Amino acid sequence: MSFPQKLDNLLLAAMATEDFVQIQADLTYVELPMRQCLAPANAPIEHVYFVQSGIVSVVAQSNEFRSIEVGIVGLEGFSGIPLVLGADQSLNQEFVQVPGTALQMPAQQFRNAAERLPGFRVVLLRYVHAYMTQVAQSLLSVGADFLGPRLARWLLMCQDRIHGPELPITHEFLAMMLSVRRPGVTESLHILEGRKLIKANRGHVLILDRPGLIKLAGASYGVSEQEYNRLFDLDAARDATSAIASTPLRRRLNLVHSGTTS
Amino acid sequence: MPRYFFYLSRNGQVIPDPEGTELADLSEARSEAFLNARDLIIQILRSDEPLPLDDNVQVVDEHGSLLHTVTFKEALG
């Protein structure tokens with residue numbers, strides 16, 4: 001595939017141009033097909049993926065009956081975080097949950113670039129912090145919220161990372177993501193439908209009323225999104241030469257669809 | 001393997017299961033319904049909603065025939 005005309009990945013867009021030109025040759029534009037494993041559990045991570053579109057799920061699993069989604073990654077991040085932290089593999093698995101595209105970079109070149117380019121490293125580490133914030137907020141939501149708000153939060157987080165209101169998601173998959181049995185998802189979707197917030201079809205969830213979902217999600221949604229924006233807005237303010245200074249606001253996380261109903 | 005559907009009878013309304021689950025036989029489907037009912041009870045209790053003990057999980061086959069019912073009361077036992 002040829003190189004994309006525009007950088008949708010917000011981290012690459014946030015890099016200083018002089019850093020970006022140094023890694024550009026190591027980036028390959030690839031498709032992310034449904035369910036593709038980008039980083040297996042307990043095996044060396046071979047590539048990182050700067051997501052351009054679609055959604056990657058990070059799943060913690062101890063056996064086939066115990067798994068939960070610990071994080072999601074879209075155009076705001078990259079898969080393969082352990083590599084920037086000095087580890088070569090993870091206990092978690094990363095796989096494509098909503099198909100899309102990415103810029104793929106081999107692990108060795110990625111590590112070298114993170115070592116060599118302080119500006120690149122700062123962007124990556126700042127994202128790791130934002131990601132850890134997301135994971136912490138997810139844990140808070142699992143512990144403190146009942147299923148309705150958790151589901152609303154998860155749907156909002158997915159919608160932040162895709163274009164349009166339709167999420168290609170099955171009940172079975174949602175159950176795995178939220179670590180409940182499937183009827184819990186069926187009932188919660190039914191309640192959300194009754195409030196005209198969504199329309200659930202077999203294999204699809206259509207978002208009808210985003211502000212309504214935000215209201216239902218309450219305090220569980222928005223904190224980690226604001227933290228991400230804060231971190232990268234600071235970047236833009238400090239470094240007027242970075243590409244993100246000219247990135248339209250609507251392309252940033254959490255502002256993609258805010259206030260709209262579709 | 002046959003596909004079993006787990007309908008929910010909640011507050012006087014039946015919520016169909018659009019996907020179903022492939023299971024070896026009815027005995028497995030009954031166990032699944034029992035576990036499903038208990039998991040739903042956990043979610044309902046956490047949400048501070050009332051727990052109507054007659055509400056239930058129904059096992060339905062691919063033709064829509066009702067095969068088995070587990071009430072919340074039974075699932076609590």
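This is a predicted model: local features need pLDDT of at least 70, side-chain atom pairs count only at pLDDT 80 or more; totals for chains, interfaces and linings use all residues.
**View 1. Chain B meets chain A.**
Welcome to the contact between the two chains, where chain B contributes 20 residues and chain A contributes 19 residues. The size of an interface is often given as the accessible area lost when the parts come together. Here, chain B and chain A bury about 1,700 Å² between them, and 49% of that area lies on carbon and sulfur atoms. Which residues of chain B lose the most area to chain A? They are Pro18(B), Glu19(B) and Arg46(B), which together account for 34% of what the chain B side buries.

Look across the boundary between chain B and chain A and you will find three salt bridges. Arg10(B), for instance, forms a salt bridge with Glu187(A); the closest N and O atoms of this pair are 2.3 Å apart. The interface of chain B and chain A also holds 13 residue pairs in polar contact, counting pairs with both residues at pLDDT 80 or more. On chain B, the elements β1 (3-10), β2 (13-15) and α1 (26-46) each supply at least two residues of the side that touches chain A. Which element gives the most to that side? It is α1(B), with eight residues. Sorted by class, the side of chain B that touches chain A has eight nonpolar, six polar and six charged residues.

Now we move to two strands of chain A, β3 (residues 47-63) and β4 (residues 66-73). In which sense do they pair, and over how many bridges? The pairing of β3(A) and β4(A) is antiparallel and runs over seven bridges. A hairpin of two residues joins β3(A) to β4(A).

Our last stop is Ser141(A), a residue of helix α4 (residues 118-144) of chain A. Is Ser141(A) buried or exposed? Ser141(A) counts as buried because its relative accessibility is 3%, and the cut-off for buried is under 20%. The side chain of Ser141(A) makes a polar contact with the side chain of Asp145(A), at 2.9 Å. Leaving aside residues up to four places away in sequence, Ser141(A) touches Arg150(A), Arg153(A) and Ser220(A).

Technical notes: Residues are numbered from 1 along each chain as its sequence is written. Chains are lettered from A and ligands numbered from 1 in the order in which they are written. Side-chain values use heavy atoms; hydrogens and water are left out. Contact means heavy atoms within 4.5 Å. Buried area is the accessible area (1.4 Å probe) that two parts lose on being put together, summed over both. A salt bridge is a side-chain nitrogen of Lys or Arg within 4 Å of a carboxyl oxygen of Asp or Glu. A polar contact is a pair of N or O atoms within 3.5 Å; within protein, one must be able to donate a hydrogen and the other to accept it, and residues adjacent in sequence count only if both atoms are side-chain atoms. Helices (H or I, at least four residues) and strands (E, at least two) are DSSP runs, numbered from the N terminus. Ala, Val, Leu, Ile, Met, Phe, Trp, Tyr, Cys and Pro count as nonpolar, Asp, Glu, Lys and Arg as charged, and the others, Gly among them, as polar. Two strands pair if DSSP finds at least two bridges between them. Buried means under 20% relative accessible area, exposed over 50%, partly exposed in between (1.4 Å probe, protein chains only).
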